[in-house]
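Open the model in your viewer and keep the selection tool at hand. The tour goes from the whole chain to single residues, then to the open space.

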Amino acid sequence: MIMKLFRSALIVAALLFAPVTALAQSDNNAARSVITDQLEAFIARDFDRAYSFASDNIKGFFPTVEQFMAMVQGGYLPVLRPGNYAFGNTEDLAEGRIKQDVLIRAPDGSDWTAVYYMQRQPDGTWKVDGVNLRKGAAGMT
């Protein structure tokens, strides 16, 4: 009898949390897609497109593509010219925010961790709201 109640409780818990998990995974996938699109735009030297993935907050600090690119070129060369990259840990932050680690191999062969802060916009899309760049692979920085 106790096992039957325990199984029933597990099933109810699974049903309650399954939609949240599926939604979180969907959001994480959407955020990763935006990061990929921005990195690919940098690789293709399509800076207007790369800028389009920046949040309104970022665009407030860097209101033109030229200002945005000066910032990227001045401090984010591994992001601007990744040799290759892979996604690391993802963390759901406050409502509408995700932290995503991206492991980057720079053209010079050095390893970097770019910590992307993603923000859901009022229209439901995800945009890059900040990047912290650290030398070394995640867990080793």
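What percentage of the 141 residues in the protein chain is buried? Buried residues make up 33% of them. Buried means under 20% relative accessible area, exposed means over 50%, and partly exposed lies in between, with a 1.4 Å probe and protein chains only.

Some ground rules. This is a predicted model, in which local features need pLDDT of at least 70 and side-chain atom pairs count only at pLDDT 80 or more, while totals for chains, interfaces and linings use all residues. Residues are numbered from 1 along each chain as its sequence is written, and side-chain values use heavy atoms, with hydrogens and water left out.

**Whole chain**

Show the cartoon. The protein chain has five helices and four strands. Along the sequence the pattern is α-α-α-α-α-β-β-β-β. Helices (H or I, at least four residues) and strands (E, at least two) are DSSP runs, numbered from the N terminus.

Now consider contacts, meaning heavy atoms within 4.5 Å. Of those in the protein chain with a separation of 6 or more, 43% join residues 24 or more positions apart.

**The core**

Select Phe42, Phe68, Met69, Tyr116 and Met118. These have the most contacts inside the largest nonpolar core, a set of 29 residues. A nonpolar core is a set of buried Ala, Val, Leu, Ile, Met, Phe, Trp, Tyr and Cys residues joined through side-chain atoms within 4.5 Å. Two or more residues come from each of helix 1, helix 2 (47–52), helix 4, helix 5 (77–80), strand 2 (97–105), strand 3 (111–120) and strand 4. Helix 1 gives the largest share of this core, six residues.

Centre on Tyr116. Leaving aside neighbours within four places in sequence, Tyr116 is in contact with residues including Ile35, Leu39, Val79, Ile98, Val102 and Val128.

Step to Leu39, in helix 1. Leu39 counts as buried because its relative accessibility is 0%. Beyond residues up to four places away in sequence, Leu39 touches Val79, Pro82, Tyr85, Val102 and Tyr116. Draw a distance to Val79: the C-alpha atoms of Leu39 and Val79 are separated by 6.8 Å, yet the two are 40 residues apart along the chain.

**Across the strands**

Follow the Leu39 contact to Tyr85. Tyr85 sits in strand 1 (residues 84–92). Is Tyr85 buried, exposed or partly exposed? Tyr85 has a relative accessible area of 22%, so it is partly exposed. Setting aside neighbours within four places in sequence, its contacts are Thr36, Leu39, Glu40, Ile43, Val102, Leu103 and Ile104.

Next, Ile104, in strand 2. At 3% relative accessibility, Ile104 is buried. Outside the four places on either side in sequence, Ile104 touches residues that include Pro78, Asn84, Tyr85, Trp112 and Ala114. The C-alpha atoms of Ile104 and Ala114 are 7.1 Å apart, and the residues are 10 apart in sequence.

**A charged residue in helix 1**

Select Asp27, found in helix 1. Asp, Glu, Lys and Arg count as charged; Ala, Val, Leu, Ile, Met, Phe, Trp, Tyr, Cys and Pro as nonpolar; the others, Gly among them, as polar. Why does Asp27 count as buried? Its relative accessibility is 12%. Not counting residues up to four places away in sequence, Asp27 touches Ile98, Arg120 and Trp126.

**Two loops**

Go to Arg45, in the loop between helix 1 and helix 2. Its phi is near 60°, a positive value in a residue other than glycine. Arg45 is exposed, at 53% relative accessibility.

Then pick Pro63, in the loop between helix 3 (56–61) and helix 4. Pro63 is exposed too, with a relative accessible area of 52%. 

**The largest pocket**

Finish with Ile58, Met71, Tyr76, Gly130 and Val131. Of the 13 residues lining the largest pocket, these are the closest to its centre. The pocket holds about 220 Å³ of space. The lining divides into 11 nonpolar residues, two polar and no charged.

A pocket is found on a 1 Å grid over the protein atoms alone: an open set of points where a 1.4 Å probe fits, with protein on both sides within 12 Å along at least five of seven lines. Lining residues have an atom within 4 Å of a point. Points are joined across faces, edges and corners, and the volume is the space filled by probe spheres set on them.
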